[in-house]
Structure formats: structure tokens, C-alpha cells
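This report considers a single protein model.

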Amino acid sequence: MLAKVRSAAVIGIDAYPVDVEIDLANGLPSFSTVGLPHGAVKEGRERVSAALANSGFEFPLKRITANLAPADVPKAGSAFDLPIALGVLVASGQLAIPRLADGFAFGELGLEGSLRPVRGALSLVSCAQALGARWVLVPSANRAEAALVEGIEVLAAPSLRAIADHFRGRVQLLSGPAGIAAVAAPSDGVDFSEVRGQVLAKRALEIAAAGGHNMLMVGPPGSGKTMLARRLPTILPPMTAAEAIEVTKVHSVAGLGGSAVGLRSSRPFRAPHHTVSDAGMAGGGPHSRPGEVSLAHRGVLFLDELPEFRRNVLDTLRQPLEDGIVTIARAQMTVTYPARMMLVAAMNPCPCGYFGDPTRECQCTIEVRRRYRNRISGPLYDRIDLHCQVPGVAWSELVDGDLAESSTAIAARVRSARERQRVRFDGHSVASVNADLSGRGVDRWCAPDAEGRKLLALALARLGLSARAYVRVLKVARTIADLGGEDRVRGPHVAEAVQYRGLDRSIGGWTSSLPAGAGSLPGG
């Protein structure tokens with residue numbers, strides 16, 4: 001007696017089909033699972049046997065073999081519980097499922113027969129739809145997420161008994177769209193109008209948001225670096241439908257979907273502690289999962305106290321910052337996760353935090369400051385577009401009752417700049433924002449006028465910019481021009497972009513910058 005139920009398994013943020021074949025043979029009663037199953041899959045036989053018995057079915061006293069094909073690909077997770085249970089019921093003649101070959105099934109079983117949610121439901125249902133399946137069985141808790149996939153009937157069930165009653169015509173399982181439950185933005189309740197002073201820092205954040213640039217803030221303790229970073233999501237443009245699907249897939253695979261969550265409508269904001277491991281940052285582990293860089297995909301990754309992160313953890317950021325993806329290579333498989341995020345980091349200018357502060361004396365020597373800065377590798381500094389100093393706020397600015405410009409006003413300018421980029425890149429498939437440009441795209445759209453070229457030549461001579469830093473200055477200048485509504489990158493745009501390369505100077509140059517838009521180079 002043989003039965004086959006179609007299912008799927010997640011690898012990265014995508015899924016691949018898995019055929020669950022159940023064979024019942026005469027002999028001593030046993031239950032074995034083959035096809036490179038990992039721990040949770042192997043343990044599923046205990047959950048399946050208990051769930052069948054507690055749901056009113058007979059557990060066959062046969063030699064049961066469950067094969068997960070293809071057999072040469074490792075299988076992990078608990079999503080195979082439901083297809084294995086259905087295969088046993090069909091093979092033993094206890095349940096007839098019409099059009100079984102047209103459907104997919106996945107879900108974790110409780111011992112009492114209930115269905116529990118699984119990770120990656122959106123990816124699993126997308127795989128089923130792409131392979132031409134007409135219907136898919138999912139746990140009720142995954143219904144909102146699964147319903148985001150069009151062109152396939154989603155049958156959401158609370159238990160194994162409910163599925164049996166459905167196919168016997170006794171009840172009708174919930175199907176169709178469950179409605180999209182939006183996720184509240186992590187920045188709800190905060191606004192840039194609450195930030196007193198810090199005009200240059202707010203300008204830098206606006207540029208970063210408009211062009212998707214990475215940014216590093218350097219300033220003494222209590223100057224507002226974290227406060228500023230947490231308000232960045234309030235000025236970012238809304239995600240497109242395609243971006244929202246990508247973000248939802250990543251969070252679903254990581255098990256962060258939740259039973260009431262459908263499409264994630266807000267950009268992620270991730271702020272891991274500096275004790276995070278390299279696997280926690282980049283992803284991986286025994287059963288590969290997305291790391292913080294992927295959970296921040298299409299959003300913001302905020303690293304506070306940047307030099308306190310371990311060097312090997314920070315170095316895992318190099319590939320994601322350059323390519324927008326992170327590749328986890330292991331002996332058994334290679335997994336690629338999306339990681340196109342904005343990196344926003346904050347650090348003190350020295351270990352005591354008060355180097356360059358006009359009101360507090362720094363207790364650190366030049367050598368101590370140099371060692372502190374060197375905790376971060378030069379290649380990582382190079383990949384950060386904007387270096388912004390955040391000085392302490394004067395008392396007069398703190399007690400001033402006037403509110404600053406609101407997030408709504410800043411967001412309008414950011415959306416306008418992003419729209420200019422969308423129109424510019426439409427049909428070229430080279431980038432979605434200025435920060436993604438490379439090669440010919442930089443040459444075509446970021447070339448400055450004669451004044452800008454002179455300023456760049458002077459910057460190369462004085463600051464010793466690397467080739468990567470030079471390109472990033474051009475891209476930031478392009479974004480500044482977009483914010484100003486101009487088609488050509490001009491000298492003032494280049495001058496302002498160059499002043500955001502403060503860390504390309506010596507450690508003694510960590511002092512106040514020129515005003516935004518100044519026509520001469522900083523660090524004269």
C-alpha cells in the first residue's frame with residue numbers, strides 16, 4: 001500500500017518541492033523516515049503516531065516507511081508532519097482525498113492532533129503555486145501569510161480531524177484571502193520634530209534616506225545618535241509590493257511572522273546588541289537561518305557602539321554592503337539570503353567619548369584613540385558613504401520650546417528624490433537607488449561638472465580617498481543633487497558630499513565639519 005503527498009521545504013528564502021512517499025508493508029510494526037531527515041523530521045514519527053491515535057484514527061500496525069524525495073537533499077523542520085500523517089491515512093484506506101496530486105500540504109502536528117504554524121509559509125505556498133498546484137493545506141495560524149499568494153486555493157485547518165471532516169464533506173475549511181494584517185512600524189510615536197539641534201546630522205540622515213546610503217555617526221555620549229537613528233524609518237518611503245513580499249519571506253523563514261501577520265508593510269529596523277555572533281549577524285547556524293543583515297533587508301540595520309562589536313562580526317558585513325546579499329557556504333549546502341539594507345552605525349570619537357568636546361576634557365592619548373578606531377577595519381569604513389559628526393547639544397537648544405522640522409516634511413523631500421531616481425533608472429535595471437549604482441551607472445549619471453571635478457581632484461590629493469571612497473562621494477553628490485531637484489551634479493553637491501568623508505582623514509581630524517553645502521573642502 002503506497003501513497004504520495006506533495007509538500008515543500010525551505011532553502012534560503014525560497015522553497016523546493018518534496019514528495020512524501022508512504023509505504024505500508026507487512027512485518028514487525030515499525031516507523032522509519034528516510035531521505036536525509038534532520039532531528040525535527042525524525043521526531044515527527046512520534047508526533048504523527050500520537051496525533052493519529054488522539055484524533056480517532058487507527059495507527060497501522062505495519063512496517064511504515066516515509067521517504068522524502070529527493071533523498072539526497074537534507075530536510076529540516078517540522079512541516080512534514082502533516083503530509084506524513086495524510087500519507088499514512090490514505091495508504092491505510094482511512095481517508096480518501098480527491099485530486100491529491102493537485103495539492104500540497106505542510107504543517108506541524110501537536111500530540112492531540114492540532115496543527116501548529118511553520119516557518120516559511122509564504123515561500124512554501126509560492127513554490128506550490130509555481131508548480132501548478134490547485135490547493136494547499138496549511139495550519140490556521142499560517143492562513144494570513146499563505147493567502148498573500150494568488151492563483152491557488154488556501155485551505156486553513158486547525159487540526160487533523162478538521163481536515164478529515166473536510167474531505168468527507170462534513171465541514172468546509174476556511175479558504176481564500178484572510179485579509180492583510182499590517183505590522184506597526186517600529187518607529188511609531190517618534191518624530192524628527194522632537195530632535196533639538198543637530199542640523200547637520202539630520203541633513204546627513206535625509207541624504208542617506210534619499211539615496212539608500214550607509215552612514216556612521218561619531219559623537220560623545222548623550223549627543224542623540226541613537227535617538228536620530230531610531231527616527232530614520234519615519235522618513236523612508238513606503239515599500240513597494242515586491243519589496244514587502246521579500247521582507248515577509250525573510251521574516252517568515254526566520255520564524256518572526258506571527259499568527260496574525262500577513263504582509264509586512266513597514267520597513268524593518270534591526271538593532272542587535274554588540275555581543276551578537278557572526279552567525280547571528282550574517283546568518284547560518286546548524287539549520288541555516290537569516291541573520292540580522294537579512295532581517296534588515298529593505299530597511300535599517302543600526303549598530304550602536306560600533307567598535308564594541310567583535311572584529312570578525314563586523315567583517316561579515318563586507319559582502320552584504322557591497323552586493324546586497326549574504327552567502328552562507330557549508331559542506332552540505334550553500335544558502336543565499338537577501339541583505340540589501342541601510343547600515344547606520346554610531347560610535348564615540350574615543351574610549352572616554354569626549355575627544356573634541358568643548359565642555360569635557362578627553363582623557364585618551366593619541367595612541368589609545370588610534371587603537372579604538374582601528375577596531376573597525378579600513379575596508380568597512382570604506383563601505384560607509386556618510387561619516388557624520390554629532391556634537392553635544394547646547395543647553396540653549398535643549399530648553400528652546402520651538403519644535404524642529406517634522407518627519408512628514410523631510411519624508412516628502414525624500415520621496416521626491418527617490419521618484420527622480422526611479423524615473424532615471426526606469427528601463428535600465430541598473431539600480432533602484434543611487435547607492436546601488438556601480439561601474440557605468442556611476443559614469444553615466446554621477447559625472448560632475450568642471451567645478452565638481454576640480455574639487456574631487458583636490459579631495460583625492462588631500463584626503464587620500466580610495467577608489468571605492470571616490471565612487472561613494474560621487475553617488476552621495478548625485479543624491480544631494482536629487483534632493484535639490486537638479487539634473488546635473490555640480491560643485492556645491494560634490495563639496496557637501498566630500499565633507500561626509502571625515503574618517504578618511506587622520507584621527508586628529510575628528511573635529512567639527514564645515515556647514516552643509518560649503519564650497520571648500522573640509523580639513524583644509
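The model is predicted: local features need pLDDT of at least 70, side-chain atom pairs count only at pLDDT 80 or more, and totals for chains, interfaces and linings use all residues. Residues are numbered from 1 along each chain as its sequence is written, and side-chain values use heavy atoms, with hydrogens and water left out.

**Helix H2**

Helices are DSSP runs of H or I with at least four residues, numbered from the N terminus. Buried means under 20% relative accessible area, exposed over 50%, and partly exposed in between, computed with a 1.4 Å probe on protein chains only. Helix H2 spans residues 81-91 and is largely enclosed by the rest of the structure, because 10 of its 11 residues are buried. Among the buried residues are Asp81, Pro83, Gly87 and Ala91. Just after H2, Gly93 adopts a positive phi of about 80 degrees.

**Glu145**

Helix H4 (residues 143-146) contains Glu145. A salt bridge is a side-chain nitrogen of Lys or Arg within 4 Å of a carboxyl oxygen of Asp or Glu. Glu145 is buried but has no salt bridge, and the nearest side chain of opposite charge, that of Arg264, is 7.5 Å away. A polar atom of the Glu145 side chain lies 3.2 Å from the backbone nitrogen of Ala121.

**Salt bridges**

Side chains of opposite charge can pair when their charged atoms come close. The model has 31 salt bridges by the stated rule. Three of these pairs are tabulated here.

| Pair | Closest N and O atoms |
|---|---|
| Arg413 and Glu206 | 2.8 Å |
| Glu405 and Arg413 | 2.6 Å |

Arg413 is partly exposed at 30% relative accessibility, whereas Glu206 is buried at 5%. Glu405, which also pairs with Arg413, is partly exposed at 39% relative accessibility.

Asp482 and Arg478 both lie in helix H19 (residues 467-483), four residues apart, about one turn of the helix. Asp482 is buried, with a relative accessible area of 2%, and Arg478 is buried at 2% as well. Elsewhere, a network of salt bridges links Glu322, Asp382, Arg383, Asp385, Arg468, Arg472 and Arg501.

**The largest pocket**

On a 1 Å grid over the protein atoms alone, where a 1.4 Å probe is used, a pocket is an open set of points with protein on both sides within 12 Å along at least five of seven lines, and lining residues have an atom within 4 Å of a point. The volume, which is the space filled by probe spheres set on the points, is about 960 Å³ for the largest pocket. Its lining comprises 41 residues, of which Arg298, Arg340, Ser432, Val433 and Asp436 lie nearest the centre. The elements that give two or more residues to this lining are helix H12 (318-323), H16 and H19. H16 gives the most, with six residues.

By class, the lining of the largest pocket has 16 nonpolar, nine polar and 16 charged residues. Here Ala, Val, Leu, Ile, Met, Phe, Trp, Tyr, Cys and Pro count as nonpolar, Asp, Glu, Lys and Arg as charged, and the others, Gly among them, as polar.

Note on methods: Lys, Arg positive; Asp, Glu negative; His and termini not counted. Polar contact = N/O pair within 3.5 Å; in protein donor to acceptor, adjacent residues only side chain to side chain.
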